[in-house]
Number of protein chains: 2
Amino acid sequence: MPALAKAAPEIRHRADDPVAARHLIRSGAVTGTTAGLAPGYVQGNLAILPSEYAADFQRFCAFNPKPCPVIGISEPGSPYVPALGEDLDLRTDVPGYRVWRDGELVAETDDVTGYWRDDLVGFVIGCSYSFEEALTEDGIEIRHITLNRKVPMFETNIPTAPAGPFRGPMVVSMRPLKPADAIRAVQITSRFPAVHGAPVHIGKPEMIGIKDVRKPDFGDPVPIEADELPVFWACGVTPQAVIGRARPSFCITHAPGSMLVTDIRNTRMAIL
Amino acid sequence: MPALAKAAPEIRHRADDPVAARHLIRSGAVTGTTAGLAPGYVQGNLAILPSEYAADFQRFCAFNPKPCPVIGISEPGSPYVPALGEDLDLRTDVPGYRVWRDGELVAETDDVTGYWRDDLVGFVIGCSYSFEEALTEDGIEIRHITLNRKVPMFETNIPTAPAGPFRGPMVVSMRPLKPADAIRAVQITSRFPAVHGAPVHIGKPEMIGIKDVRKPDFGDPVPIEADELPVFWACGVTPQAVIGRARPSFCITHAPGSMLVTDIRNTRMAIL
């Protein structure tokens, strides 16, 4: 190339720290998925409900900590969760929201300020990104990351413990692993109960009601090699599926892959 | 039954504590297996070698801590291991010994005092009894215990790291478990690195060179149900197999199932 041809100025969002990442999302400079933003920091699933549903939903989460590990709750009417980030604003800091009325999707937006109400309670729920980072740092390959796909997810026959209107089967995510890596993954993810913890199943999808492990109900399929076992973790899509069944009068959730970036380091989610 | 018919006096060996158990063994009142003796206390595999082999063997164990977790070593020439029991005597406190010369079995006896030499070093190696107790206390069924059989053991294609003349494949024990119990068993046994620790394999016996999981190389076969996975742990028979291959000029081992009862509580083997 001719030496005088200058490269186009690279637009590089400095989103290596979570505060900067949220500001870029808030300003609209970052849209879509939050995968790869603020590496090392916890990202959360989001569910925002009117306060009349909040006690039942919180009880549901308490009864089902593996699929629904609550890592933050806002005061009724407040869009802030200072424990997860001093300036964090639930109305603007997620790049994609879904707004639901009576169980029907009524809007997809990158800002829910106009939908905010003084009776809303936000629940932030741990996400598998945190334990995937710990697995990757241990040298374990995560197939859907390698293939740049969404994690495959399945509705199962594993019941959740109901609370009020919230009930329904557990949704799980699946990662194919060699047996020795599966054992190591049990050890690593057991240290992270606030981000789904240890697997709920290994090796025999039919036992948890999965008819075809190559055809996920949500996300993308990934191949399972002959020397691998499918390993299943409780998934943060479970609360969304349960809310969908409960058909609350009003609800806001994050759009798939558009998570809430927090100031909590992933390593701080480890109990040991 | 007539009220006057007195029951025959029950001979019940009071071997609930390890010191009493060793004294009963030493006196000849207890023979054969030590299974069920001094519940709650660590039992060990035993390997006694001339000092010329001791450094290589200890290095072999250090290189292969999963099959060969050393929990005690005697001073050269001494039959005592006070760290495992103040009065513990390696010559008399195991109910069955095997004596080997140049790799050939030359005697089976319950007392090796006559074979003792002032250059012998005793190695006590952790045993799966300790983690099986932790699994059972968690409500997990151990199939071979239910069936009153020996645990099924297999030679694998998993290499050990060699040291001097000591080399050869890892021997593993197998326990069939439901997938959720297998995950729990990984968690529990990970806490016990000094008694073989976490499993080395799960679910695919052919991957570790096991042709027929129903036909163990040592111990007894146990059934594996359709809703179970075979789970494999490194086994304390590995050092015996490796010593057998090395054919040292002289060696004493415990007979299968006749372990060394120690004063260490199983719970003290847990790192967490």
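Me: Is H196(A) buried or exposed?

Reply: The assignment rests on counting neighbours: a residue is buried if 20 or more other C-beta atoms, placed from the backbone, lie within 10 Å of its own, exposed if 12 or fewer, and partly exposed in between. H196(A) has 27 other C-beta atoms within 10 Å, so H196(A) is buried. Please note that this is a predicted model, in which local features need pLDDT of at least 70 and side-chain atom pairs count only at pLDDT 80 or more, while totals for chains, interfaces and linings use all residues. Residues are numbered from 1 along each chain as its sequence is written, and chains are lettered from A and ligands numbered from 1 in the order in which they are written.

Me: Where is H196(A) placed, and what is the value of its phi?

Reply: Most residues other than glycine have a negative phi. H196(A) has a positive phi, near 85°, although it is not glycine. It belongs to the loop between α5 and β8 (201-202) of chain A; helices (H or I, at least four residues) and strands (E, at least two) are DSSP runs, numbered from the N terminus. In chain B, R247(B) is another residue other than glycine with a positive phi, near 50°. R247(B) sits in the loop between α6 (237-246) and β10 (251-254) of chain B, and it counts as partly exposed, with 13 C-beta neighbours inside 10 Å.

Me: Which residues of helix α1 of chain A are buried?

Reply: An α-helix has 3.6 residues a turn, so residues three or four places apart point the same way. In α1(A), residues 18-26, the buried ones are P18(A), A21(A), R22(A), L24(A) and I25(A). They lie on the same side of α1(A), because they cover an arc of only 160° around the axis, the arc being that of the directions from the helix axis to the C-beta atoms. These buried residues pack against β1 (41-50) and β11 (260-265) of chain A. Just after α1(A), G28(A) takes a positive phi of about 90°.

Me: At what angle do the axes of α5(A) and α5(B) cross?

Reply: Axes are lines fitted to C-alpha atoms, for helices over the stretch in contact, and angles run from 0 to 180 degrees between N-to-C directions. The axes of α5(A) and α5(B), residues 179-190 in each chain, come within 9 Å and cross at roughly 75°. The two helices are therefore roughly perpendicular to each other (65 to 115 degrees; under 35 is roughly parallel, over 145 roughly antiparallel, and the rest oblique). I183(A), V186(A), Q187(A) and S190(A) of α5(A) make the contact with I183(B), V186(B), Q187(B) and S190(B) of α5(B); two residues are in contact if their C-beta atoms, placed from the backbone, lie within 7 Å.

Me: How many residues does each chain bring to the contact between the chains?

Reply: Chain A and chain B bring 17 residues each. On the side of chain A that touches chain B, α5(A) gives the most, with seven residues.
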